Amino acid sequence: MSDATMQESETKGVSRRRFITGTGSLLGAAAIVGHAPRAWAGVRAAAAPIGSGAHVPALVIGTGYGGSVAALRLAEAGVDVHMVEMGMAWDTPGADGKIFANTTRPDDRSFWLRTRTKQPLSNFLGFPLDKNVNCRTGILDAEEFGGITVYQGRGVGGGSLVNGGMAVTPRRENFGAILPTVNAAEMYATYYPRANSGLGVGTIDPAWFDSADCYQYARVGRKHAQRSGFPFLFVPAVYDWDYMKQEAAGTVPRSALDGEILYGNNHGKKSLQKTYIERIRATGRVTISPLHKVTTVTPAPGGGYTVLIDQLNTGGQTTVTKTVTADKVFFAAGSVGTSKLLVGLKATGALPLLNDEIGRGWGDNGNVMCGRANHLWDPTGKVQSSIPTGGIDNWDAGGAFAEIAPLPTGIETWASFYLSITKNPHRARFTWNAAAAKAELDWQTAWKQPSIDAAKTIFDKINRKEGTIYRTDLFGTYKIWGDHLTYHPLGGAVLDKATDNHGRLHGYSGLYVIDGALIPGNTSVNPFVTITALAERNIERIIATDL
């Protein structure tokens with residue numbers, strides 16, 4: 001952005017801020033529900049990354065669910081926004097003509113700064129699955145801490161690029177244990193519906209599900225669950241179901257039916273790039289800088305905050321460090337990214353007034369994985385859609401909700417595979433290691449035992465009923481449980497503890513947390529709809545009162 005353009009943007013930002021302040025919450029509320037007048041500027045062409053010395057009214061750190069909600073609603077309310085994203089833009093095809101790599105054929109697009117893949121399933125039929133790759137700023141980060149590996153999306157769209165797309169709203173009776181200081185009636189009447197609409201959530205056609213070859217694995221999972229007395233639930237997802245039907249008919253390129261999920265999905269999945277971020281770009285008020293990593297945030301002498309940002313190349317090296325000033329800063333780097341950054345800022349004296357709740361309340365959403373070996377008369381299918389559609393709910397009796405997950409190997413495996421979300425009470429804490437100059441997490445692998453015990457309330461019973469056994473070849477040698485990982489990091493800057501009840505960080509005006517770091521460790525289901533709904537709630541209040 002040129003100096004003249006920056007000055008023009010700043011002038012417009014000042015006038016807009018005065019206007020918003022003068023009109024109070026009325027404009028903010030109208031913009032949030034989508035009824036405010038909009039003068040769309042069209043989709044903004046690819047802009048130059050943010051320049052050193054720039055001033056922005058609002059800086060959003062991260063482009064995942066919370067950050068995308070904040071950027072869109074701020075822009076609709078008339079505020080110029082800049083988003084910085086540590087990962088790549090993921091808008092350019094590779095040599096194979098595809099943006100994203102296939103799940104079964106990982107390459108240098110697949111992992112974040114690794115020379116060897118670290119796949120969630122490390123083995124299959126006795127053979128190791130990981131392979132050497134070129135080190136690059138790929139899409140999936142397998143970040144290793146002392147007792148757990150945390151899988152996170154890297155790129156514009158954050159975790160939406162790499163998750164399974166299961167868009168689950170928690171049962172209302174469970175909500176009080178998830179976010180006890182949030183009004184459940186408002187969430188279920190306003191913000192969950194808004195989030196589901198914005199994310200493009202839909203449910204599979206049950207009749208098509210019953211006939212589609214690609215969901216044979218899920219039908220087997222349903223049969224086994226129901227025969228053991230467990231309720232089977234159709235789970236909403238963010239996939240274009242019409243596109244998937246065309247995939248099955250062979251009239252469009254395969255995406256979910258080619259197993260694409262772990263390293264991105266090239267066609268049918270409605271990631272944030274196709275929902276919130278598409279609308280963000282259409283406002284003409286938001287710019288995004290990929291391959292930019294925030295390292296420091298400090299109060300600026302003249303008000304607002306001075307932010308240091310490293311621009312990275314695709315090898316992960318810093319090419320230039322930039323200094324930017326922002327009136328308001330929204331931390332949306334994901335539970336782990338936000339927590340690590342805030343812990344470091346407090347410990348190093350950049351933001352010493354942050355309270356002692358920073359870094360606390362982190363959990364893994366009770367994630368644990370397992371597989372079952374079925375009988376020969378229960379094949380699960382060679383072609384399996386990578387988008388899960390069914391779940392087994394034993395939360396009340398056993399503390400577990402299990403998604404019936406695909407195992408898209410391209411061959412018949414006679415295996416049923418599951419990712420369970422469990423009522424695990426353990427919470428970890430991020431602390432600052434001054435000698436190593438990095439944040440560390442004190443999670444212990446033994447803390448997964450409550451998750452295993454909860455999952456066993458489902459699968460031990462199914463195995464007894466069906467006369468089947470657990471698979472022992474998926475997570476190592478003779479290892480039943482995938483207890484080494486989480487796909488659903490939550491907490492570290494918990495709502496109404498590290499922040500007030502709408503995400504304002506204690507000790508500093510104009511600093512906000514608006515992502516999964518706000519949620520204390522568990523949502524009872526897949527968390528991204530709750531993260532989105534909470535962000536919608538919080539940004540509505542922030543726009544109405546803080547601008």
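I'll start with helix α7, residues 216-227, which lies across β7, β12, β13, β14 and β15. Its direction runs at about 145° to β14. Strand β12 covers 368-373 and β15 covers 415-422. Keep in mind that this is a predicted model.

What is the strand order? Reading across, we have β7-β13-β14-β15-β12-β18, an open sheet of 6 strands with antiparallel pairing. The edges are β7, at 232-234, and β18, at 469-470, and each of these pairs on one side only.

One pair in more detail. Strand β13, residues 390-394, runs antiparallel to β14, residues 400-405, with 4 bridges between them. If you want a place to look, find G391, which stands opposite E403 in β14.

Next, a helix pair. Two packed helices are described by the angle between their axes and the distance between the axes. For α3, residues 65-76, and α13, residues 528-546, the axes come within 8 Å and cross at roughly 35°. Is that crossing left-handed or right-handed? Right-handed.

Which residues make the contact? On the α3 side they are Y65, G66, V69, A70, R73 and L74. Helix α13 contributes F528, I531, T532, A535, E536, I539 and I543. By class, the residues of this contact between α3 and α13 come to 9 nonpolar, 2 polar and 2 charged.

Methods:
Residues are numbered from 1 along each chain as its sequence is written. This is a predicted model: local features need pLDDT of at least 70, side-chain atom pairs count only at pLDDT 80 or more; totals for chains, interfaces and linings use all residues. Side-chain values use heavy atoms; hydrogens and water are left out. Two strands pair if DSSP finds at least two bridges between them. Helices (H or I, at least four residues) and strands (E, at least two) are DSSP runs, numbered from the N terminus. Contact means heavy atoms within 4.5 Å. Axes are lines fitted to C-alpha atoms, for helices over the stretch in contact, and angles run from 0 to 180 degrees between N-to-C directions. A crossing is left-handed if the near helix is turned anticlockwise from the far one by less than a right angle, and right-handed if clockwise. Ala, Val, Leu, Ile, Met, Phe, Trp, Tyr, Cys and Pro count as nonpolar, Asp, Glu, Lys and Arg as charged, and the others, Gly among them, as polar.
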